[in-house]
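Dear colleague,

My findings follow directly after it, and I would be grateful if you would read them with the model open.

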Amino acid sequence: MTGTHGRRLVLLGATGSIGTQALDVLTRYPEVARLHGLAVGGSRPEIVADQVLAHRPERVVVSDPDRADAVEATIASACRTAGASIPRIEVGPEAVTDLAGALGAQDVVLNAITGSVGLLPTLAALESGARLALANKESLVVGGHLVTEAAAPGQVLPVDSEHTAIAQALAGVRHDQIDHLVVTASGGPFRGRSRDQLAQVTPEQALAHPTWSMGRVITTNSATLVNKALEVIEACFQFDLPEDRVQVVVHPQSIVHSMVTLVDGSTIAQASPPDMRHAIGWALAHPEKLPGLAAALDFTTAQSWTFEPVDEDTFDAIALARAAHREGGGAMAVYNATNEEAVDAFFAGDLTFLGITALIRAVLEHPERPRAERADGVEGLLAVEAWARRTARTLITSAEL
Ligand code: NDP
Ligand code: MG
């Protein structure tokens, strides 16, 4: 592989589903980058200690101050036992953003934090000039204009199977040759169910995704189709298209990861067995290809791929997001923040499964909802977010849903 010698990686969200798979890619392809620093929330100290010993980063950041002592003690003890030097350990959300902005144009930041807390690190990484491998779709959805304005052409490489697929399908295609994008959706564990059948869904059932193994929030979002809704908006910003040129189609096998239909009527698809290491490795190594990165499709055995429309009467998440995106003014920040609160409430037993998108609708339709104009910058967005979280919590406890 050429062109990556001496490249450093900052990995935000190292202990998560994407983070651990990224380190797996790094272990198998050490020529891709050397791990300079990692950031975590702090809930999995043993995993962080193992990662420190395996990859020897210079810097470790723990976002949650209440968990920092435990992480620090576990790392120190593991390093002493192994005779390894203890990395610099910093604490707090500002330190995460600081680490995200610490590298330069030859380097890469993989943002695999869950939630809109990833926005400030995303902006810091862009400002530093580093390549941003972006799994944290929330930062693009919530701060779309800020992120796209801060990004140089080609600086953001998506780590989301659909968007990675579209980016690959668009190689050699001019923007004016695109008719529309087709984002595929597995349909989640409740494909084919009616609203009545969804009324009693439990968190355990929502976590049983048919084709992907992922973190708790994105798995729940896949069940409500909020994940697909976020991905439509992610595609609008990543590929500079309005929402009515981003279609969604249900493809339960999760093999065709997305498609692009061109103005001449041709559709280009990217296909591979579901394995996020493909998207991670693609974004880290681009434009190189990592040999043997993930299993390829095997066409020596019979298989069928099916496609069907989304049942938008049962799942209203996508229509709500399209309307929020058309409106702009921070409406997507309200949508996302409310969803994050709703998922927590669903797991706490305070909200039903159908209550998740009902809450998003209620907060979006709230008569006092504030707007964030572009001139208000990131502070304006964060203020709108904070309002949405407060309002969502009030509605949850007032049992109006
Ligand atoms: P996980 O919940 O598995 O992991 C989240 C990671 O972020 C953990 O390492 C967690 O640390 C860390 N973290 C949480 N808060 C902070 C913070 N404030 N600062 C620094 N680190 C923090 O999530 P996933 O890996 O599933 O998803 C990560 C992102 O990637 C999401 O935006 C998701 O939508 C996206 N994505 C994920 C896919 C997947 O297959 N998983 C596919 C496509 C996109 P700790 O362990 O200490 O809590
Ligand atoms: Mg995806």
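Which polar backbone atom lies 2.9 Å from an oxygen atom of ligand 1? That backbone atom belongs to Gly 41. Please bear in mind throughout that this is a predicted model.

Side chains also approach the ligand. An N or O atom in the side chain of Thr 15 is 2.6 Å from an oxygen atom of ligand 1. For Glu 138, the distance from a polar side-chain atom to an oxygen atom of ligand 1 is 2.7 Å. The protein buries 89% of the 910 Å² that ligand 1 exposes when taken alone.

Turning to the surroundings as a whole, ligand 1 has 27 residues around it. Thr 15 and Glu 138 are among the closest, and so are Gly 42, Ser 43 and Arg 44.

How many disulfides does the model contain? The count is 0, where a disulfide would require a pair of cysteine sulfur atoms within 2.5 Å.

Is Cys 79 buried or exposed? Cys 79 is buried, because its relative accessible area is 1% and the limit for a buried residue is under 20%. Cys 236, with a relative accessibility of 4%, is likewise counted as buried.

With kind regards

Definitions and conventions
Residues numbered from 1 in each chain as written. Chains lettered and ligands numbered in written order. Predicted model: local features only at pLDDT ≥ 70, side-chain atom pairs only at ≥ 80, totals over all residues. Heavy atoms only, no water. Near = heavy atom within 4 Å. Polar contact = N/O pair within 3.5 Å; in protein donor to acceptor, adjacent residues only side chain to side chain. Areas by Shrake-Rupley, 256 points an atom, 1.4 Å probe, with all protein chains shown as cover. Buried < 20%, exposed > 50% of the residue type's maximum accessible area, 1.4 Å probe, protein only.
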